[in-house]
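Hi,

Here is the structure I promised to pass on. Have a look at it first, and my notes on the salt bridges follow below.

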Amino acid sequence: MKKVFMILGAGLLAALLVFSCSKPNNQKNNNKPDDKEQKDPEGGGGEEGFSMDISIDGNFSEWDALTADTADGEYYIYEENSDPDYNGILRLKLASDEDNIYVYTEINYEYIYVKEDSDGPVTGGGSWTGWIPTFSQDTPGALIVYVGCDDNANAAYGARRIGDCSIDAIKDGSDGEPMWDYMGFDAFPQYYFCFDAVGNKMAFGWNQNNWPELHDASWTDDMVGKPLGDHGYGWWGDDVEGTPVSDNTVSNADTFKFSPVMSINEPASKKDVQAVKIEFAMDRSAILESGEKVKGTAVIGIFYENISQVAHQTEPLGSGKLPSGDKAVQLKLK
C-alpha cells in the first residue's frame with residue numbers, strides 16, 4: 001500500500017510540475033510581444049489605448065484601423081470633411097513616433113493636376129528644376145501642412161483662407177478670415193504632385209519648406225500673429241538656379257506614397273467620388289529651419305490649393321481644408 005501511495009504521489013507531483021510550467025507559457029501566448037496595446041503606454045490612452053505601427057509603403061492597410069471610434073484625439077487624430085462644397089480633402093489622420101509625424105489624407109481626383117506634356121514618366125522635381133525629366137512652369141497648387149511647434153505666436157502667423165493677398169492687406173488686417181483661429185504656426189511644408197499621364201500614375205514632384213519670418217524681405221514685425229497672404233512667403237531659395245536649398249527635406253519621394261485613383265466615399269456629401277489616398281512621413285528634425293526637433297504638441301491644419309485638373313498655383317480659395325471648422329488639431333507627439 002505504501003508503494004501505491006508513493007506512485008500516486010509521484011504522479012501528482014509530476015502533474016503539478018507540468019501545470020505550473022505550462023501556465024506562464026499560456027500567459028505569454030495571450031500577451032504577444034508585438035501586442036502594442038500592452039507595451040505602448042503612450043499609444044493614446046495608457047495600457048488599453050489604441051496603437052498602430054506605420055510604414056510609408058503605399059499599402060495603407062494599417063490606416064484602416066484609425067477611425068473616428070479608435071482615435072483618441074491626442075496621440076491619434078481623425079478628421080472628416082464636413083463641407084460638401086469644399087471637398088478637395090476628404091479625410092485626415094495623424095500619428096507620430098520618435099522621429100516623424102505621420103499624415104494620411106484623401107484628395108479628390110477632380111482637383112489633382114494632370115500632367116500630360118512630358119518626355120517620360122515624372123521622376124521627381126524641385127522648386128528650381130520643376131518637373132523631372134521635363135522642365136516646365138506648370139506648377140499646381142500645393143498640399144500645405146501648417147505646423148505650430150510651440151505655445152506662442154512669437155514671430156509666427158495664421159493660415160489664410162480668403163481675402164486680399166497683398167502685403168498691405170495683411171498689415172492692416174483686411175486680408176480675410178484665417179482658415180483656423182490659431183496664430184502660432186511656425187512652418188508650412190508644401191507638397192507638389194500630379195497625376196502623370198505618361199506614366200499613368202500619381203507622381204511626387206517635390207516638397208519645399210517655408211519660414212516667412214526668416215526668409216522673406218517683406219516680413220515685418222506688424223505681420224507677426226496675423227494671417228498670411230499667399231503660399232510664397234518665406235520660400236527658402238538662395239537665388240541660385242539649380243540649388244533648391246530646402247527641397248525634399250521634410251519628406252521626399254521615399255516617404256510620400258499614393259494609392260491608385262479609386263472610388264472613396266466623401267463624408268460630407270455621402271457620395272462616392274474618385275480620389276487618391278496619400279500617406280507621408282514628416283521628419284520632426286527638418287520642419288523647423290533650426291533643425292530643432294519638434295516636441296510636445298504640434299498644432300496642425302492642412303489645405304489643398306489646387307482647384308481643378310490644371311495648374312492653379314497660389315489659388316487663395318483652394319479646394320479643401322481640414323479640420324473643416326475654425327480649430328486646428330493638436331497632436332501629442334511620442
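Let's start with Lys327, which is exposed at 52% relative accessibility (exposed means over 50% relative accessible area, buried under 20%, and partly exposed in between, using a 1.4 Å probe and protein chains only). Its salt-bridge partner is Asp181, with N to O at 2.6 Å; a salt bridge here is a side-chain nitrogen of Lys or Arg within 4 Å of a carboxyl oxygen of Asp or Glu. The two sit 146 residues apart, Asp181 in the loop between α3 and β8 and Lys327 in the loop between β14 and β15. Helices (H or I, at least four residues) and strands (E, at least two) are DSSP runs, numbered from the N terminus. Asp181 is partly exposed, at 38%.

Before you read on: this is a predicted model, where local features need pLDDT of at least 70 and side-chain atom pairs count only at pLDDT 80 or more, while totals for chains, interfaces and linings use all residues. Residues are numbered from 1 along each chain as its sequence is written, and side-chain values use heavy atoms, with hydrogens and water left out.

In total there are six salt bridges. Some share partners, joining Glu80, Arg91 and Glu106 into one network. Arg91, in strand β2, bonds to Glu106 in strand β3, 15 residues apart, with the closest N and O atoms 2.8 Å apart. Arg91 also pairs with Glu80, at 3.7 Å, and Glu80 lies in strand β1. Arg91 is buried at 11% and Glu106 at 4%, whereas Glu80 is partly exposed at 34%.

Cheers
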